[in-house]
Amino acid sequence: MTTVTQSTGRRPQVVIIGSGFGGLFAAQRLKKAPVDVTLVAKTSHHLFQPLLYQVATGILSEGEIAPATREILRDQDNARVVLGEVTDIDLTARTVTSTVLGRTTVHPYDELIVAAGAGQSYFGNDQFAEFAPGMKSIDDALELRGRIFGAFELAELATDPGEIDRLLTFVVVGAGPTGVEMAGQIAELARRTLRKDFRRIDPTSARVILLDAAPKVLPPFVDKLGQKAHRQLNEIGVEVQLGAMVTDVDADGIVVKDGDGHERRIHAATKIWAAGVQASPLGKILGDQSGAAVDRAGRISVQDDLTLPGHPEVHVVGDMISLKRLPGVAQVAIQGGKFAADAVRARIAGRPTAPEFTYFDKGSMATISRFHAVADTWKFQFGGFLAWVLWLVVHVMYQVGFKNRFTTVIHWAVSFLGRGRSQRTATQQQVYGRLALEELGADFEVSKTGGQRHLGEPVDVTGRDSA
Ligand SMILES: Cc1cc2nc3c(=O)[nH]c(=O)nc-3n(C[C@H](O)[C@H](O)[C@H](O)COP(=O)(O)OP(=O)(O)OC[C@H]3O[C@@H](n4cnc5c(N)ncnc54)[C@H](O)[C@@H]3O)c2cc1C
């Protein structure tokens with residue numbers, strides 16, 4: 001395995017882990033600071049997760065919500081983007097170790113900002129993942145796109161009515177914002193977009209079920225908005241089943257236990273997991289070395305100023321942290337990233353840093369269907385068309401890059417004013433790639449940045465032979 005130790009320049013070295021909301025906004029905030037920024041991330045893009053469900057349901061392309069980080073930071077001369085999965089952080093030696101395809105790099109730092117986010121949690125039932133993909137990455141969204149559109153294709157071919165019903169039943173687990181948006185979009189896809197596309201099946205007869213063990217839809221929102229969303233989902237044909245806990249998932253369906261203890265099976269080819277998150281394992285690495293507590297969801301307890309105990313040079317932001325019940329939303333990560341960058345600037349200038357991170361809650365929103373959303377902002381809680389327009393404006397505003405905003409608006413016009421969806425293409429690799437990689441076994445790292453683990457000899461993946 002090759003090991004490259006990078007030389008520290010004369011300027012302070014700031015290493016940022018993650019190119020999501022926390023990492024990217026921290027890097028941009030350091031644009032004019034007299035530091036060298038190295039942003040290490042395991043993907044080469046910045047992912048706008050809130051619109052993943054639109055990639056999965058054929059409205060947007062993956063490029064529109066995942067611009068290249070390198071391109072975003074192109075004009076920021078003090079920032080360097082490095083592809084690699086961080087496998088270790090040494091708080092004593094002040095180094096971060098990242099790896100990509102067997103090539104290991106050690107990045108020394110003076111200041112470290114960790115923004116590695118969270119992944120999907122199946123609450124200890126990781127075996128469900130095979131049949132119910134989550135919604136955390138571009139890979140997930142494209143796999144789901146293939147499964148959703150593929151289910152209609154297979155239903156058109158099937159002759160057994162039971163099999164057609166199974167193929168046209170879609171179950172979304174988790175009635176939080178992601179699950180609500182996903183279920184709403186599948187219902188609209190079936191009832192509007194695909195209505196006239198098939199000859200033997202009737203896509204409008206598709207069953208879309210939204211399940212949750214909790215007793216209400218959109219738990220983070222005030223009750224009246226949850227009820228409004230529930231009603232709207234029913235109106236567009238989504239069956240909402242609450243108090244229903246998933247106990248098993250397999251290729252043919254899903255088993256749920258209702259509040260009265262009764263177990264029942266739903267025959268469904270397509271299952272989507274939109275429940276539960278598990279923070280990056282880097283939280284545990286940091287917890288073990290700093291003594292900071294790590295909760296069951298893997299979130300690390302940071303101090304009020306987002307640093308680790310005894311390590312004012314290390315900030316952790318975004319979905320990885322547990323602090324004053326802050327929610328796992330983009331604004332917490334964005335504001336945390338900016339706060340950490342400001343602290344870095346202050347420390348380098350020898351100024352005191354702000355003692356406490358204060359989160360400014362700008363509110364929450366969720367779309368349910370075309371022209372319908374709910375918004376919980378400041379003192380105002382409302383739903384319907386106005387909330388939907390607000391949702392559109394805010395989401396375009398926070399997308400990175402003019403080109404992405406422009407094409408997103410065009411694709412929204414195609415889907416919301418018309419009936420079409422411009423991004424219906426799905427390949428076999430998208431549908432089977434994840435499972436095929438898992439079949440390769442434990443010695444093969446599924447991660448894009450991994451590669452074979454048991455490397456005896458150094459591998460030069462830049463060589464012609466391996467190209
Ligand atoms: C489907 C979905 C919908 C959502 N909708 C909304 C919404 O409508 N509104 C809202 O406010 N929030 C929403 N969220 C939540 C929001 O996206 C997150 O709170 C936010 O992305 C957290 O930012 P972050 O920087 O902490 O992590 P992320 O944005 O997840 O970024 C983590 C980064 O770290 C990198 N990384 C992870 N591990 C490693 C490693 N070991 N080495 C190197 N790099 C690593 C990743 O590649 C990524 O670049 C949604 C989330 C999802 C999944």
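This is a predicted model: local features need pLDDT of at least 70, side-chain atom pairs count only at pLDDT 80 or more; totals for chains, interfaces and linings use all residues.

Colleague: What should I expect of the side chains along a strand?

Modeller: In a regular strand the side chains alternate between the two faces of the sheet. For β10, T169, V171 and V173 lie on one side, with F170 and V172 on the other, and both faces are covered.

Colleague: Which strands are joined to β10 by bridges?

Modeller: Strand β11, residues 207–212, runs parallel to β10 and is joined to it by five bridges. Within that pairing, F170 stands opposite V208 of β11. Strand β16, residues 270–273, also runs parallel to β10, through four bridges. There, V171 has K271 as its bridge partner.

Colleague: Which helix forms a β-α-β unit with β10 and β11, and what is the handedness?

Modeller: Helix α7, residues 177–193, does, and the unit it makes with β10 and β11 is right-handed.

Colleague: Let us move to the sheet that contains β2. What is the order of its strands?

Modeller: Reading across, the order is β4-β3-β2-β8-β20-β19, an open sheet of six strands with mixed pairing. An edge strand pairs on one side only, and here the edges are β4 (79–83) and β19 (307–308). Inside the sheet, β2 (residues 13–17) and β3 (residues 36–41) are parallel, with five bridges between them. One place to look is I16, which stands opposite L39 in β3.

Colleague: Which helix lies across β2, β8 and β20?

Modeller: That is α10, residues 330–349, and it runs at about 175 degrees to β8.

Colleague: Now the whole protein. How many helices and strands does the protein have?

Modeller: The protein has 13 helices and 26 strands. Its radius of gyration is 23 Å, close to the 23 Å that the globule rule gives for 467 residues, so the protein is as compact as a globular protein of that length. Along the principal axes, its C-alpha atoms fill a box of roughly 70 × 60 × 45 Å.

Colleague: And what share of the residues is buried?

Modeller: Of the 467 residues, 44% count as buried. As for contacts between residues at least 6 apart in sequence, 64% join residues at least 24 apart.

Key
Residues are numbered from 1 along each chain as its sequence is written. Helices (H or I, at least four residues) and strands (E, at least two) are DSSP runs, numbered from the N terminus. The radius of gyration is taken over C-alpha atoms; the globule rule is 2.2 Å times the number of residues to the power 0.38. A residue is buried if 20 or more other C-beta atoms lie within 10 Å of its own, exposed if 12 or fewer, and partly exposed in between; C-beta atoms are placed from the backbone. Two residues are in contact if their C-beta atoms, placed from the backbone, lie within 7 Å. Two strands pair if DSSP finds at least two bridges between them. A crossover is right-handed if, with the strands pointing away from the viewer, the path from the first strand over the helix to the second runs clockwise. Axes are lines fitted to C-alpha atoms, for helices over the stretch in contact, and angles run from 0 to 180 degrees between N-to-C directions.
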